[in-house]
Amino acid sequence: MDWEQVFATRQSRMKASEIRELLKLLDQPDIISFAGGIPDPALFPKEAFANAFADLFSGLQAEQALQYSVSEGYLPLRDWIAGQMRDIGIDCTTDNILITSGSQQALDYLGKLFLSPGDTALVGWPTYMGALGAFNAYEPSYDRLDPASNRSAADYVASAEEAGGEVKFAYTSSDFANPTGITLDERARNALLDLAESLDIPVIEDAAYQGLRYDGEAVPPILALDIQRSGGIENTRTIYCGSFSKTLAPGLRVGWAVAAKPVIQRLVLIKQAADLHSSTLNQIAIHRVAKDGFADQVAKLRDVYSSRRDNMLAALEREMPEGVTWTRPEGGMFVWITLPAHIDGATLLAQSLETERVAFVPGRAFFADGSNGNTIRLSFSCARPPEINEGIARLGRLIRSVA
Ligand SMILES: Cc1ncc(COP(=O)(O)O)c(C=O)c1O
């Protein structure tokens with residue numbers, strides 16, 4: 001069978017990345033890894049989950065947990081999320097919330113909802129590579145989302161027409177973005193809404209890291225600013241994607257989308273067709289753990305991750321040669337490094353794995369056009385202070401040797 005002949009055209013955009021191949025080497029025990037953008041498993045609320053599962057299996061809820069359920073998601077969990085959303089200025093009801101299997105599924109569904117082949121998605125330059133992966137299946141073009149530039153709405157429209165479609169949405173990771181760690185301030189969020197209004201397109205707000213702020217003032221979510229402008233969630237154009245992956249546990253695959261009802265109703269139809277609903281058992285467990293211990297869990301994460309971030313920033317200050325710059329995130333998991341123009345992040349990774357045994361993610365994969373090869377992403381979430389000091393010292397040595 002010649003499988004390539006029978007695959008749909010959209011599959012041509014879905015390629016295994018060479019970076020993933022390199023990163024497979026990370027299982028080797030002597031490697032210091034700043035590569036994975038994942039939570040530290042030592043910090044998972046294991047006991048709370050053990051109790052939640054034991055408790056629900058010892059009672060009548062076991063039958064509900066093992067049964068099919070509604071596509072919208074487990075109502076008490078949606079109710080709890082609605083309360084959390086209201087606390088950050090997003091006045092909504094359970095009807096504005098869909099539970100998804102991770103926020104990654106929401107990104108896939110939003111691609112399916114909005115993108116016809118050739119349409120344009122506006123994305124950051126760089127942006128979350130998983131969003132590019134999700135949208136790619138719908139065969140879009142990408143254009144650079146840069147509300148601070150002087151580009152007019154007409155200019156975005158003209159570029160989209162040239163690419164064979166229309167501008168369909170702007171996607172942004174508003175807090176402690178993956179990969180840069182950067183947070184959009186309120187002015188930038190309003191500028192983005194202005195641009196979206198003049199293009200009359202939705203904004204997809206990826207809030208995967210929003211709860212993990214270590215210092216500085218919280219900035220209202222774009223959806224909250226949109227509600228302030230428009231008078232209520234039913235008049236908004238922003239779709240907020242949240243996740244329990246970075247705070248409670250990614251393995252349970254529970255995330256959510258918040259938006260005006262017509263959008264949620266469409267997403268519910270997509271979910272019905274795709275997987276009926278997210279795991280009932282996992283939603284119930286997440287609800288039990290969140291309602292009793294979410295704030296304490298997040299406080300614990302902030303405490304540990306903020307000191308790892310401080311540690312990494314101090315080590316970079318000590319070890320990096322002139323010509324290397326980096327971001328100073330107020331939260332999340334990532335520091336984004338810009339190397340001198342002639343150093344390629346992917347080549348550096350190959351050298352680093354061979355000689356220094358330090359892993360990171362080369363930056364090119366986060367750019368829709370594969371540009372800006374002289375960048376790398378470091379994650380501080382899983383490394384202990386001695387590893388951070390040693391790993392950054394080795395990386396600094398390698399960069400000095402090729403600079
Ligand atoms: C910015 C961003 N959005 C979404 C996701 C997907 O997370 P999940 O599907 O586990 O909620 C990730 C995961 O790394 C991410 O970094």
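The model is predicted: local features need pLDDT of at least 70, side-chain atom pairs count only at pLDDT 80 or more, and totals for chains, interfaces and linings use all residues. Residues are numbered from 1 along each chain as its sequence is written, and side-chain values use heavy atoms, with hydrogens and water left out.

**Ligand site**

- The ligand is surrounded by 13 residues, where a residue counts if one of its heavy atoms lies within 4 Å.
- The closest are Ser103, Asp206, Tyr209, Ser243 and Ser245.
- The shell around the ligand holds 7 polar, 3 charged and 3 nonpolar residues. Here Ala, Val, Leu, Ile, Met, Phe, Trp, Tyr, Cys and Pro count as nonpolar, Asp, Glu, Lys and Arg as charged, and the others, Gly among them, as polar.
- Helix H6 (residues 102–114) gives the most to this shell, with 3 residues. Helices (H or I, at least four residues) and strands (E, at least two) are DSSP runs, numbered from the N terminus.
- A polar backbone atom of Ser103 is 2.7 Å from an oxygen atom of the ligand.
- An N or O atom in the side chain of Asn178 is 2.8 Å from an oxygen atom of the ligand.
- Arg253 places a polar side-chain atom 2.8 Å from an oxygen atom of the ligand.
- On its own, the ligand has 400 Å² of accessible area, and the protein covers 92% of that (Shrake-Rupley method, 1.4 Å probe).

**Aromatic pairs**

- The model has 12 aromatic pairs. Rings of Phe, Tyr and Trp (its six-membered ring) pair if their centres lie within 6.5 Å; planes under 30 degrees apart count as stacked, over 60 as edge-to-face and the rest as tilted.
- Tyr209 and Phe334 have ring centres 5.5 Å apart and planes at 75 degrees, so they pair edge-to-face.
- This pair links distant parts of the chain, 125 residues apart. Tyr209 sits in the loop between strand E6 (203–206) and helix H10 (222–230), and Phe334 in strand E10.
- Tyr209 is buried at 4% relative accessibility, and Phe334 is buried at 0%. Buried means under 20% relative accessible area, exposed over 50%, partly exposed in between (1.4 Å probe, protein chains only).
- Ring pairs also join Trp80, Phe244, Trp256 and Phe294 into a cluster.

**Sheet**

- Four strands form an open sheet in the order E9-E10-E13-E12, with antiparallel pairing. Two strands pair if DSSP finds at least two bridges between them.
- Strand E9 (325–326) and strand E12 (361–362) are the edges, each pairing on one side only.
- Strand E10 (residues 334–338) and strand E13 (residues 375–379) run antiparallel, joined by 5 bridges.
- Val335 has Leu378 in E13 as its bridge partner.

Terms used
A polar contact is a pair of N or O atoms within 3.5 Å; within protein, one must be able to donate a hydrogen and the other to accept it, and residues adjacent in sequence count only if both atoms are side-chain atoms.
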